[in-house]
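Welcome to this short tour. Open your viewer, get the selection tool ready, and follow along stop by stop.

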Amino acid sequence: MTGWPRQLTWGDFQEIPNPGPGTLVARNGHPIVARVAITINFDPAQHAMVTEGGQYRFGSANVSVNLNRALTNYVPSRIPRGEESYYLSHEQGHMDLMGLFGRELEVNLLALRAPTSMALLQLGHETTDAAVANARMYAINSSMGDCQYDRDTNHGMNRAQQRRWLGIIQRNVAGWRAADFMFRT
Ligand SMILES: [Zn+2]
């Protein structure tokens with residue numbers, strides 16, 4: 001893994017001035033306090049292949065988790081006083097989910113076997129595309145809709161759901177180094 005685990009601080013977020021009521025709101029109408037832009041990436045071309053029993057596999061798999069600083073921002077004046085760490089922990093949840101799905105991708109990539117190097121390259125791309133789509137479905141909002149994490153927690157406003165998700169994340173983080181790690185809800 002490159003770029004994760006990573007502990008976010010408000011210093012990672014660009015401050016934006018409060019644009020006023022009704023602007024910069026989530027799909028549910030709530031004003032957006034903060035948002036992170038995170039991608040996970042794997043470049044098969046950067047990884048040496050190994051042959052074993054006539055099959056090709058990746059000798060290593062290093063997935064990177066990238067925070068796009070330009071699109072990671074917050075509206076300080078919208079954070080209720082004393083709630084800074086609560087709101088930051090919600091954003092950290094997005095980061096950790098992306099890291100965990102990135103780690104799951106590494107495990108899946110290392111398990112790939114193909115009869116030719118071209119076939120392995122193709123499988124590597126397909127596996128990465130599927131992992132990115134899955135990670136985004138759980139952890140990143142898009143124009144297609146909000147992610148599962150934000151739907152369940154109502155963007156962190158539902159405290160019971162937020163606690164539940166942070167519990168799920170913590171349990172997964174505790175085991176992410178395992179060679180057979182798979183994300184479990
Ligand atoms: Zn969120």
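Predicted model: local features only at pLDDT ≥ 70, side-chain atom pairs only at ≥ 80, totals over all residues.

What is the site of the zinc ion like, judged by the angles among its 4 donor atoms? It is irregular, with angles of 52 to 139 degrees.

Residues are numbered from 1 along each chain as its sequence is written, and side-chain values use heavy atoms, leaving out hydrogens and water.

**Stop 1: the zinc ion.** Select H90, H94 and D150: the protein donors are H90 (NE2), H94 (NE2), D150 (OD) and D150 (OD), lying 2.1 to 2.7 Å from the ion. Donors here are N, O and S atoms within 2.8 Å of the metal (3.2 Å for Na, K and Ca). Along the chain, their spacing is H-x3-H-x55-D.

**Stop 2: helix α1.** Now select residues 84–110, which form α1. H90 and H94 are separated by about one helical turn because they are 4 residues apart in this helix.

**Stop 3: the core.** Next, select W10, F13, I38, L97, L109 and F183, the residues with the most contacts inside the largest nonpolar core, which has 44 residues. Such a core joins buried Ala, Val, Leu, Ile, Met, Phe, Trp, Tyr and Cys residues through side-chain atoms within 4.5 Å; buried means under 20% relative accessible area (1.4 Å probe, protein chains only). Its largest share, 11 residues, comes from α1.

Notes:
Tetrahedral: all angles 85-135°; square planar, octahedral: opposite > 155°, others 65-115°. Helix = DSSP H or I, 4+ residues; strand = E, 2+ residues; numbered from the N terminus. Buried < 20%, exposed > 50% of the residue type's maximum accessible area, 1.4 Å probe, protein only.
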